[in-house]
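Please look over the chain shown here before reading the report that follows.

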Amino acid sequence: MATRTKAIITCAPTGAIHTPSMSPHLPVTADEIATAAIEAANAGAAILHLHARDPVDGRPSQDPDLFLPFLSKIKKATNAVINITTGGSPHMTVEERMRPATVFKPELASLNMGSMNFGLFPMLDRYKEFKHVWERENLENSRNLVFKNTFTDIENILRIGNANGTRFEFECYDISHLNNLAHFLERGLVKAPLFVQSVFGILGGIGGHPEDLMHMRRTADRLFGAQYRWSILGAGRNQIPLATIGAAMGANVRVGLEDSLWIGPGRLAVSSAQQVTRIRTVLEALNIEIATPDEAREILNLKGAAHVAF
């Protein structure tokens, strides 16, 4: 891994894994998402990873019309790098998932580096009552769900992004995803510096043990050497512990209510900004400097906020 100068904090304020009934603090409307993102940026997040939801029932949506209101507000209020999901929801087609990034041409977009089982159904053991019918169905149906990103899918997403000057947060949920990324690097469809987001603790991907983190790190070092910038995403209770271990080893970090609803055992986070503040405290205790948005742009070789389509 290339020597890190400063740590980039990414924050994901909402997403497709958690449903509105799981936390009263999960942003749903455009105003709520904008407020959560702006607060996270003010707390120290250099990158904001963004999803949209239907404002009526909180269902994940890739409708560009639902993205535009909060994209505009966030861009006006902050200098943060805006990262638009191409993951959307595992229940969506690839074409659906690509719509916002295609329309808005962001500096950065996420890209899951392979197809995988995506098991959310264990959350049914914790949550018994739901406000909306779709929430229970969404979790139950994940018993038989494959998140689809074939080599053709990934190639198509890369070509669209490359044409728009969009770079990628490569979300790697398992070791095979690192090998897939190495394949595209060898073909020249991706270029260094690679922003590798290692994702731990999702059922269907690699686990959340520190040894899993070490295995991911060793493999990425072997495949990419100095050509990548590493970041840690721990799902649920893994969020802060794994980010701390990774940060001590030179990684960047990601937090936010998309990845975990918690700030401590049995304690819901009241905002993503609270999680940003927590991990910033950890980084500063380790004497690690926090990257500003413009420093993140330089580290990741991004095109700049003046060259997006929103």
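In what order do the eight strands close into a barrel?

## Barrel

In this predicted model, the eight strands close into a barrel in the order S1-S2-S5-S6-S9-S10-S11-S12, with parallel pairing (two strands pair if DSSP finds at least two bridges between them; strands are DSSP runs of E with at least two residues, helices runs of H or I with at least four, both numbered from the N terminus). Neighbouring strands of this sheet are turned by 25° against each other on average, direction ignored, where axes are lines fitted to C-alpha atoms, for helices over the stretch in contact, and angles between N-to-C directions run from 0 to 180 degrees.

S11 and S12 pair in the parallel sense over three bridges, and leucine 233 has arginine 254 in S12 as its bridge partner.

## Helix H8

Within H8 (residues 239-248), the buried residues are Gln239, Ile240, Leu242, Ala243, Gly246 and Ala247 (buried means under 20% relative accessible area, with a 1.4 Å probe and protein chains only). Because they cover an arc of only 165° around the axis, they lie on the same side of H8, the arc being that of the directions from the helix axis to the C-beta atoms.

## Threonine 86

Threonine 86, in the loop between strand S5 (81-84) and helix H3 (94-104), counts as buried at 1% relative accessibility. A polar atom of its side chain lies 2.5 Å from the backbone oxygen of serine 110.

## Basis

Residues are numbered from 1 along each chain as its sequence is written, and side-chain values use heavy atoms, leaving out hydrogens and water. In this predicted model local features need pLDDT of at least 70 and side-chain atom pairs count only at pLDDT 80 or more, whereas totals for chains, interfaces and linings use all residues.

Methods:
Buried means under 20% relative accessible area, exposed over 50%, partly exposed in between (1.4 Å probe, protein chains only). A polar contact is a pair of N or O atoms within 3.5 Å; within protein, one must be able to donate a hydrogen and the other to accept it, and residues adjacent in sequence count only if both atoms are side-chain atoms.
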